[in-house]
Amino acid sequence: MIIVYMLGRLWRNRRERAEGIEILRKHEVSVLCVKGPELDLTTAAGRLLAGLLGEVDTFEVEQMSEREQREMRQRVERGLPPTGPRCFGYTADGTELVEDEAAEVKDCFHALLAGATLSGMAADLNQRGILNRNGKPWSYSAIRGVLLNERYAGLRQYRGELYPGRSSWTRSHGGR
């Protein structure tokens, strides 16, 4: 017997579920769900129920993914800032500048154009006690991530496509 919290935690997709049901049937293994039924996979009825419950789980995951994709597309089309981790130089909601951080970002772009290295920029910020958005010292890769972030140019990217000129955060700050 296998004990799981929920059946959806045992298999992640249709292929895994079909293979798993067959393997467990062959070895005469039952599944006991803490939040759900006991499934005797040696019987046709148990396999049917496992398959049906698995399809319901798959439907819920796919439906949630579709909603999230629609929401993200709508945010891009309305020019709203991306969700996710806070972007250095912006508030948590992404709509307002954090002036001292924004000035550091601007200085990094100027330093890059003047020929500074990413490691040198990180060392300078660390020496001055400027921490990144996670409250940690700067590294080469952290500086690189900031300088490659299209958001600082007022661009949005969605599914590999850039959406220029649609950013509400640059319009409200004069294109900074």
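Mentor: On the face of helix 3 turned away from its buried side, the exposed residues are Asp100, Lys106 and Leu113; here exposed means over 50% relative accessible area, buried under 20%, and partly exposed in between, with a 1.4 Å probe and protein chains only. Helices are DSSP runs of H or I with at least four residues, numbered from the N terminus. This is a predicted model, in which local features need pLDDT of at least 70 and side-chain atom pairs count only at pLDDT 80 or more, while totals for chains, interfaces and linings use all residues. Residues are numbered from 1 along each chain as its sequence is written, and side-chain values use heavy atoms, leaving out hydrogens and water.

Trainee: Which residues of helix 3 are buried?

Mentor: They are Glu101, Ala102, Glu104, Val105 and Cys108. Seen down the axis of helix 3, these buried residues fall within an arc of 155°, so they line one face of the helix; the arc is taken from the directions from the helix axis to the C-beta atoms.

Trainee: What covers the buried residues of helix 3?

Mentor: The cover includes helix 4 and helix 5, where contact means heavy atoms within 4.5 Å.

Trainee: And how should I read a nonpolar core?

Mentor: In soluble globular proteins, nonpolar side chains tend to be buried together. A nonpolar core is a set of buried Ala, Val, Leu, Ile, Met, Phe, Trp, Tyr and Cys residues joined through side-chain atoms within 4.5 Å. The largest one here has 16 residues, and Cys108 and Leu147 are among those with the most contacts inside it. Helix 4 gives the most to this core, with four residues.

Note on methods
Helix = DSSP H or I, 4+ residues; strand = E, 2+ residues; numbered from the N terminus.
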